[in-house]
Amino acid sequence: MFRTDLLKGKKALITGGGTGLGKSIGRRYMELGAELVICGRRKEVLEETAEELRKELGGKVSIFSCDVRDSAAIDTMMTEIWKTGPLDILVNNAAGNFIARAEKLSARAFDAVVNIVLHGAAYCTLAAGRRWIEAGHKGSVLSIVTTAAMTGSAFTMASAAAKAGVIAMTKSLAVEWGPKGVRLVAVAPGLFPTEGAWDRLYPAGSQVQAQELGVPARRYGQHIELANLCSYLVSDEAAYITGESVIIDGGRWMQYVGGPSNRAMQDWTDEQWDAMRK
Ligand code: COA
């Protein structure tokens, strides 16, 4: 759906880009001409992904093994990245989440999630932003968030709270850095199956109904659908969009807000509708 040179000449860093959604977004950026940088905690995973993408697409991929919770490591990574030219795109994708009852969470458990999701996104954004502003270089930041940031989310309170913070950061800096040529956007994906999220958030036996049936579109999202949205939003074609969070979830979150009766009515027969009218 895009010009194949949509992201040509752009250098993009994707945090947590070795696996899952981050990897799919990176693959699409490369297909569209971007030079890719991925970071994550596990060097072997990054090496494997970089090798796979290089073989598949023939482009340039660099890797940095670091934890987004470590602000000094992020700063060192940015310095290294900038040595071969400035970044143009930052994708805050790295996340941490697990299901737990809030009253059982230790402070360290809450910190683990918030430090990755909110502090990690802020450290990366600030490290890239200050370099862009200093050099008068344009840049765009895309953060992966969740509709739980708008609705709240029972049993994943820390993640919902942290992602709400990321949305507030996105809006705040869109205004503060807009005059300096830095754009910030967010994307809230619904159900896009990945190993990491699925095992953590939808363990076998936890579902009262198949997850995909809870989506008005009646299916899971495809990674390419998310990757295309993320490509458009960081491209120069989206230069007038900033501070915005885009939901891509087949309508799932509105159905949840509407409650279970909406869901049931989607499958009513004509007889049921006739009975209702009577
Ligand atoms: N329920 C309750 N508490 C938990 C927990 C769970 N499932 N998992 C970890 N914790 C607590 C630990 O008990 C610890 O607290 P304590 O010291 O008071 O006991 C604290 O969280 C930190 O745990 P630790 O294992 O040291 O943290 P970590 O930083 O190594 O790992 C994550 C935490 C979130 C990074 C880890 O789960 C992870 O690597 N996740 C993969 C990435 C991810 O979650 N992606 C998102 C997919 S949706």
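A quick word on what you're looking at. This is a predicted model, where local features need pLDDT of at least 70, side-chain atom pairs count only at pLDDT 80 or more, and totals for chains, interfaces and linings use all residues. Numbering runs from 1 along each chain as its sequence is written, and side-chain values use heavy atoms, leaving out hydrogens and water. Strands (E, at least two residues) and helices (H or I, at least four) are DSSP runs, numbered from the N terminus.

Back to S1, residues 11-15. Five bridges join S1 to strand S2, residues 35-40, and the two run parallel; strands count as paired if DSSP finds at least two bridges between them. Find Leu13, and you'll see Val37 of S2 opposite.

Next, please look at S6, residues 182-189, where eight of eight residues are buried. On one side, S6 pairs with S5 (residues 139-144) in the parallel sense over six bridges, with Ser140 opposite Arg183. S6 is also joined by four bridges to S7, residues 245-248, again parallel, and there Val187 stands opposite Val246.

Now for helix H4, residues 107-135. Its 29 residues should span 42 Å at 1.5 Å a residue, and the end C-alpha atoms are 39 Å apart, which agrees; the expected span is 1.5 Å times one less than the number of residues. H4 bends by about 40° at Asn115, the bend being the angle between axes fitted to the seven residues ending there and the seven starting there. Just after the helix, Gly136 has a positive phi of about 65°.

Finally, the ligand. It is surrounded by 14 residues, the closest being Arg41, Arg69, Asn97, Ser106 and Arg108, where a residue counts if one of its heavy atoms lies within 4 Å. H4 and helix H7 (195-201) each supply at least two residues of that shell. An N or O atom in the Arg108 side chain is 2.5 Å from a ligand oxygen atom, and a polar side-chain atom of Arg69 is 2.7 Å from one.

Technical notes:
Buried means under 20% relative accessible area, exposed over 50%, partly exposed in between (1.4 Å probe, protein chains only). A polar contact is a pair of N or O atoms within 3.5 Å; within protein, one must be able to donate a hydrogen and the other to accept it, and residues adjacent in sequence count only if both atoms are side-chain atoms.
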